[in-house]
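Subject: Structure handover

Hello,

Here is the structure you will be working with.

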Amino acid sequence: MGEPQQVSALPPPPMQYIKEYTDENISHGFAPKPPPPIRDSYMMFGNHFQCDDLIIRPLETQGIERLHPVQFDHKRELKKLNMSILVNFLDLLDILIKSPGSIKREEKLEDLKLLFVHMHHLINEYRPHQARETLRVMMEVQKRQRLDTAERFQKHLERVVEMIQGCLASLPDDLPQMEGPDTASEESRTVLAGSCVSSSGQAPRLKSEPMDVEEAGASCMAAAPQNKSTSIIKKDKMWDKDAAMCSIIDKIA
């Protein structure tokens, strides 16, 4: 006969589940379905539990004698339990020295076990308070991190503003200004008006004689290079201003 197969109370390793969820099994519907939610009772670590049980069950429901009253101070009771454990441990040592085979040794061991169960139960009743305090500390840490990040961002912003203000303050005042189309047209009209005024201060009379086609073409060709040279001068002024800004920024960097 073969040896009896031992069944572990623990679930199988994760690889036993992972190898079942291949692409082929999932596409064909062969992958295991998730376990249904527990509705009645379940077993954990060899003990049966009900779904509607409290997270921290009273001692009476577990068949354990209650040593402290219903209304009590946790801090005071924990101190009393700690002192009782110490006294019972000393009594156990005395029994082991005088009569190791006495029945009182088993009684002291049971007393110590009951005291430790009570201490563990009272500590577990602090778990909700511990969870709230842990959450509060986590939120305070996150708040502090956000405030530090906002403060660092504000400092960087102030430095950038100071750099920009320094750049603007270090710009020379005699930079050539860009001329708009209205200013250029006004200057052109002023030049034309000045050229039309004679030395006597009176505007000369315009000729009423018709102009030949060749003369009109020559005047247009003469005006075109003048407009081109004006645009080149404006571009040169803009390049000079850009070069001055770049040099200032290079000095700051």
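The model is predicted, so local features are given only at pLDDT of at least 70 and side-chain atom pairs only at pLDDT 80 or more, while totals for chains, interfaces and linings use all residues. Residues are numbered from 1 along each chain as its sequence is written, and side-chain values use heavy atoms, with hydrogens and water left out.

Whole chain

The chain contains 7 helices and 2 strands. Helices here are DSSP runs of H or I with at least four residues, strands are runs of E with at least two, and both are numbered from the N terminus. In sequence order the pattern is α-α-β-β-α-α-α-α-α. The accessible surface comes to about 22,400 Å², and carbon and sulfur atoms hold 60% of that; areas come from the Shrake-Rupley method with a 1.4 Å probe, and for residues only the protein chains shown count as cover. Of the 253 residues, 9% count as buried (buried is under 20% relative accessible area, exposed is over 50%, partly exposed is in between; 1.4 Å probe, protein chains only). Among contacts with a separation of 6 or more, 57% are between residues 24 or more positions apart (contact means heavy atoms within 4.5 Å).

Core

The largest nonpolar core has 8 residues: Leu78, Leu81, Ile85, Leu92, Leu112, Leu115, Met119 and Leu122. Helices α3 and α4 (104-124) each supply at least two residues of this core. A nonpolar core is a set of buried Ala, Val, Leu, Ile, Met, Phe, Trp, Tyr and Cys residues joined through side-chain atoms within 4.5 Å. Leaving aside residues up to four places away in sequence, Leu92 touches Arg105, Lys108, Leu109 and Leu112.

Surface patch

Met83, Leu86, Val87, Phe89, Leu90, Leu93 and Leu96 make a nonpolar surface patch of about 620 Å². Patches are made of residues with over 30% relative accessible area and no salt bridge; like charges are joined within 9 Å, and nonpolar side chains (Val, Leu, Ile, Met, Phe, Trp, Tyr) within 5 Å. Phe89 is found in helix α3 (residues 74-98) and counts as partly exposed because its relative accessibility is 42%.

Salt bridges

The count comes to 7 salt bridges, where a salt bridge is a side-chain nitrogen of Lys or Arg within 4 Å of a carboxyl oxygen of Asp or Glu.

- Glu77 and Lys80 are paired at 3.6 Å, N to O. Both lie in helix α3, 3 residues apart, about one turn of the helix. Glu77 is buried, at 10% relative accessibility, whereas Lys80 is partly exposed, at 43%.
- Lys98 and Asp94 are paired at 3.5 Å, N to O. These two also lie in helix α3, 4 residues apart, again about one turn. Lys98 is exposed, with a relative accessible area of 65%, and Asp94 is partly exposed, with 34%.
- Arg105 pairs with Glu106, with the closest N and O atoms 3.4 Å apart. Arg105 is partly exposed at 27%, and Glu106 is partly exposed at 40%.

Salt bridges with shared partners also join Glu133, Arg136 and Glu140 into one network.

Regards
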